[in-house]
Amino acid sequence: MAIDAATVRRVAHLARIKTPEDRLEPLAAELNGILAWIEQLNEVDVAGVEPMTSNVHQPLHLRDDVVTDGGKRDDVLSNAPRAADGFFVVPKVVE
Amino acid sequence: MSDLTKLTLKAALDGLKARDFSSEEITRAFVANIDAANPRLNAYVVQTTDKALEMARASDARLAKGEGGPLEGAPLGIKDLFCTDGVQTTAGSNMLRGFVPPYESTVTSNLWADGAVMLGKLNMDEFAMGSSNETSAFGPVVNPWKSSASNADLTPGGSSGGSASAVAGDLCLAATASDTGGSIRQPAAFTGTVGMKPTYGRASRFGMVAFASSLDQAGPIAKTVEDAAILLRSMCSFDPKDSTSLDVEAPDWTQSLGKGAKGLRIGIPKEYVVDGMPAEQMDLWEKGKAWLRDAGAEIVDISLPHTRYALPAYYIIAPAEASSNLARYDGMRFGHRADKASSLTDLYETSRAEGFGKEVQRRLTIGAYVLSAGFYDAYYVRALKVRRRIAMDFDAVWDKVDAILTPSTPSAAFAIGDKQVDPLQMYLNDIFTVTANLAGLPGISVPAGLDKGGLPLGLQVIGKALDEATVFQVADVLEQSAGFTARPEKWW
C-alpha cells in the first residue's frame, strides 16, 4: 500500500500536526520505507490468535467510590499557557 | 579520602552508614564533576544543586542518629521522564519546555522516601523516541567512551542516554531510566553500565511521561549488578494510581547474588543473530555461554521463531499508543501553545508542529495512519496478534529453560550523526531488546567485553515474568566471570 502526498496530508491532519506542502513528498517516501519493512508481518500466520493488548494478567483493582484528591485549582492551572481568575484562558472557539 | 564519585552505590551506602564521609561531601563531589563534565557530555538538562545539598544535609542528620532508609544519602540522577515536584520535567521536548509538575512520580517518591538525594534531571530522546539521544530538544548526550580508532563523539544510546552517560562518567552513583523497546538496556550496553528493565507492572508508571503505555517500564542504570538490584527494589511498589501496577512485593534481589548457576538451564535462541554483527559480539556470546557452563549451568539451544517480527510489530504498536497518549498536547492546559493561528484546529496543528521534533512527528503520523479507518485491522490488530505470537514463543520455552542469554545490541556505540539518514537503521538498535517489552518480561544488560575499538559490549539476560531473582543471579555470574573493569578514559 503506497502512501502518496495526499495521504500524508490527510494523516498529518488526523494527527493534528501542521505539515508544510514541501514536506509531504519526503514524508511519504519515509513512511513508505517504514511501512514496506512492516509489511513482513503479513508472513506470520495469525489465524485464531487473539490480539494482545496487555501483559498484565490480574483483574483491575477496585477501590471505594470516594473522593481521594482534589481542591488543587491553582496547581492545575500552574502550567497553563494562559490563565486568569482561576480559569484557563483559550482563544475564541465559537466562530 | 579517595574519589567518592568512583564508588559503587553499595560501597557509598556502606561508607555513608559507617560515617566514613557525609552525604554532603559525596553530593558536593558529584556536583563538581557535573559542573566540569556537563558542557561536554550534556547528560543533565537541569541541575538541582541547592535541593541536592538540602536533601544531603537532611540525610546526614538522619544518619547521625543511626536512622535512614535503604538509599540514605545516595546522590542519584533522574531521567527527565519522571515528574518531579517543583522541578522542570520536559521528556526532552520543546512541547514541555518550562513545564514544572506540581506532583511527584511514584518511582521518585519511593526513592526520596528511601533517603536518596536528587542531583538533577537527565537528558533523553524526545518522549523516549530514539536510540541515540539525538532527538532531544536539548541536544545529544555524548558517551564518555571513545573508540581507539577515532576521536569522534559517540552516542551513549537512547532513549536513556543521559542516565547511561551520567553513570559511566561518574556524574551520579546510579540513575533512573525507562525502557519501551530497549531504552534502558541499549544505553547500558553502549556505556559499560548495567541496565535492568523489570517485569511490566513492577514499577508504577504514575508520573512518568507516557510514550507507549503497554510497553513503558521504569528501571535502573547502575555501575554493577548489585547496585541495580538495590536501586530497583526501591523503585518498585504496588501503586493504586497505576491500573497496570502489579500487587506484588519487591524482594531483596541482592540475595540472588553470589549463588553461581548450578542447576540453572540457560536458553540460547538461534534467532538472535543479525547480518553484519561484529565478530567480537558473537565471540562474547560464546564466552557468556562458557562462563555460565563453568558456573554449573546447562546450556540449551532454543528457538523463538517470531523474533524477527518483533521490531516491525513494535513500530506499529508503539506509534499507535503514542499517537493516542500524545493527543493530550493540544496547547490548551499545559505545554507549548503557538502565538498565532487562524482557527482552533490551526492552533492545535501549529502548536504541535512547533512543539514536537521530527522523529516524534514521524511516529505520531505512523500511529495515526495505522489506527485510521481502513488500516486498523490490517496494521494495528495484526501487530497485536503478532505480539501474542512473540509472547507465546517465550511461554513455550519456559518449561525447558530458566533464563535466556542473548547479545544486548547488534553493535557497540556509534558516532553521533552516523544513523541519521535512514530511520530504519536507527530502529534496528532495539532488535534484541524489544521482545522483552512486547512480552512484558524482565531483561538486564551486563557489560561483558570490549570490541576491537575498545568500546563496551553487553550481554542480555531475559527471564520469566516476575522472576527478576534468576535474572540477577545469572547477571551476577556473567559480571563476576567477565571481570569487566574497563573505564572510559577521562577526556572531558
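This is a predicted model: local features need pLDDT of at least 70, side-chain atom pairs count only at pLDDT 80 or more; totals for chains, interfaces and linings use all residues.
Helix α4 of chain B, which spans residues 106-113, is mostly covered: six of its eight residues are buried. The buried residues of α4(B) are T106(B), V107(B), T108(B), S109(B), N110(B) and L111(B). To count as buried, a residue needs 20 or more other C-beta atoms within 10 Å of its own.

What lies over these buried residues? Among the elements of chain B that cover them are the strands β2 (75-79), β4 (175-179) and β6 (217-222), together with the helix α7 (225-235). As you follow the chain past α4(B), you come to G115(B), whose phi is positive, near 100°.

How far can you trust chain B? Its mean pLDDT is 97, and 100% of its residues reach 70 or more. For the model, the scores are ipTM 0.95 and pTM 0.97.

Now turn to chain A. It holds three helices and two strands, and starting from the N terminus they come in the order α-α-α-β-β. Chain A is more spread out than a compact globule, because its radius of gyration is 23 Å, well over the 12 Å that the globule rule gives for 95 residues. Its C-alpha atoms fill a box of roughly 55 × 45 × 25 Å along the principal axes. And how much of chain A is buried? Of its 95 residues, 18% are buried.

Methods: Residues are numbered from 1 along each chain as its sequence is written. Chains are lettered from A and ligands numbered from 1 in the order in which they are written. A residue is buried if 20 or more other C-beta atoms lie within 10 Å of its own, exposed if 12 or fewer, and partly exposed in between; C-beta atoms are placed from the backbone. Helices (H or I, at least four residues) and strands (E, at least two) are DSSP runs, numbered from the N terminus. Two residues are in contact if their C-beta atoms, placed from the backbone, lie within 7 Å. The radius of gyration is taken over C-alpha atoms; the globule rule is 2.2 Å times the number of residues to the power 0.38. pLDDT is the predictor's confidence in each residue, from 0 to 100.
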